[in-house]
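Me: I would like to go through this model by question and answer. Please give the cut-offs as the terms come up.

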Amino acid sequence: MANKVGVGHQFSGVRLQFGRPARAVGQAYSLRQGRPVCDADYAPGRTRYENTGQLQLLRKSYQYGTPTNSPTLGSSRSNQTSTKEIDVQELTQQLKIPLYKQLIGNTAMVDLSSLSANPQVKILGKCEFANPSGSIKDRIADHILTTAEQEGKLKPGGTVVAATSGNTGASVAMIAAMKGYHYIVITNEKTSKEKCDAMRSYGGEVIVAPSGVAADHPDHYQNLAVTLCKQHADYFDVDQYDNPNNPEAYYRSLGPEVWMQTKSRVTHFVAGGSTGGTISGTGRFLKDMNPNIMVMLPDPVGSVFWDYWANRIAQKELKPKSYQCEGVGKDSIPGAIDFDVVDDMMQVTDKQSFTMCRRLAQKEGMLVGGSAGLNLHAAVEISKTAKPGSVIVAILADNGVKYLTKIYNNDWIKAKNFDEASADPQAHLVDGPLKTARSAGSNFYSEDAGNGAPKRPAAAPEARKAIANEWITPDFAGMGI
């Protein structure tokens, strides 16, 4: 009878063959005795795997020094060299282990179609919480600071300043620590304790400004950042709300990733906005590749984006209201947002966002932040009317660990009346029976829009697609869903 071995008997290229057939896949063999491992082979205090011949062979192969050129397990001592003779640079190239900073981007995409209202409509989640600091903002922090260095705006010994709702602050703090800069991040009282602690952990300063003050008040967290940078010439203001490098970072990275991971099948892109960088940069890239892709901007009830875009209320007349969902929505209109990319908007209450977060944790085992709940709620609503075969991509911007004292704390949920037994405290603020606005498309920036926004120049579709294609590189090959 021919020698047989189970699938589990191959180890680093060495096929273990003996005179007896394996009785089951995974059956271990003793290399010394050529028979299946039995209870007699196990000595007290040693694990099953410590007694198998495979580990014995591994230990013997490596006990004389670190192998070079990845030799086959069991190579003779003459084929190995002492660690003192290793070229460290060559070893680094062979191992191809990235630096922590190099883990930014290329995040996974997961199938969340179990949430879809239509089994023929796919809902996919882009796991931006898998970035090093736990949020999507690592992309812009790295790009903005690197660009500032290249342009001479951020010099050695300088200080980085960032106004933030929390995630950008943590990302800036992390990148600043990696690059050796001091940092000052300014947030407000609405930001969770977990986020504030994370921002402090990298060794810089955190200033917590009052929450709920007017956007033009000197104590508003954005204005405090501007004042600091005016007072210190060597301070660099990240200025994420108006910096064009914010949406550019997403155009160059997140947009191509979504396009490649869905194999160009994406039909809807869903992302809430705060600075507007994600929706603007990613949305613009996707539309440059395929103008038929629908871009949805869900907005927390209380944010001014809805009134500005859907109701055409001028900036000076906008009146924000209080809401609890962090890192999304705004009390003013940032310069980084491009509403011309937005096809539709949807109002979402805090309760709807947080209920989706908790549902995802209990159904899929994923802890995500409130903005991810907002995006997924909108994605589910879209799935109710989307055509069969539609592929909806929703951004899961940050990790739910940042909100353990809020979204995932039952006492906090109940105190805010976000529990199942309580009526939605924001239901009366939803603007009318319709949850979505009419599509504004490319007409938003027309001269008669009435909102004071400048008309956006548009290149020919062929030219835009050619530019976008430059960011489809071999680095994205094989990413898959």
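Reply: Contact means heavy atoms within 4.5 Å. Helices (H or I, at least four residues) and strands (E, at least two) are DSSP runs, numbered from the N terminus. This is a predicted model, in which local features need pLDDT of at least 70 and side-chain atom pairs count only at pLDDT 80 or more, while totals for chains, interfaces and linings use all residues. Residues are numbered from 1 along each chain as its sequence is written, and side-chain values use heavy atoms, with hydrogens and water left out.

Me: What percentage of the residues in the protein chain is buried?
Reply: Buried means under 20% relative accessible area, exposed over 50%, and partly exposed in between (1.4 Å probe, protein chains only). The protein chain has 14 helices and 14 strands. Of its 481 residues, the buried share is 49%.

Me: Which strands stand at the edges of the open sheet of six strands?
Reply: Two strands pair if DSSP finds at least two bridges between them. The sheet has mixed pairing and the order E5-E6-E14-E11-E12-E13. One side of each edge strand is left without a neighbour in the sheet, because each has a single partner strand; the two are E5 (109-111) and E13 (344-348).

Me: What is the handedness of the crossover from E11 to E12?
Reply: E11 (residues 268-270) pairs with E12 in the parallel sense over three bridges, and Val270 stands opposite Met296 in E12. Between E11 and E12 the chain passes through helix H9 (residues 277-289), as a β-α-β crossover. A crossover is right-handed if, with the strands pointing away from the viewer, the path from the first strand over the helix to the second runs clockwise. The crossover through H9 is right-handed.

Me: How many of the seven residues of E12 are buried?
Reply: E12 is mostly covered. The number of its residues that are buried is six.

Me: At roughly what angle do the axes of H3 and H7 cross?
Reply: Axes are lines fitted to C-alpha atoms, for helices over the stretch in contact, and angles run from 0 to 180 degrees between N-to-C directions. Residues of H3, including Ile140 and His143, meet residues of H7, among them Asn246 and Tyr250. The axes of H3 (residues 138-150) and H7 (residues 245-252) come within 9 Å, and their crossing angle is roughly 115°.

Me: Is Gln240 buried or exposed?
Reply: Gln240 lies in the loop between strand E10 (235-237) and H7. Its contacts, leaving aside neighbours within four places in sequence, include Ile140, Asn246 and Ala336. Because its relative accessibility is 2%, Gln240 counts as buried.

Me: What is the relative accessibility of Thr159?
Reply: Thr159 is in strand E7 (residues 159-163). Not counting residues up to four places away in sequence, Thr159 touches His182, Tyr183, Ile184, Asp234, Tyr235 and Phe236. Thr159 counts as buried because its relative accessibility is 7%.
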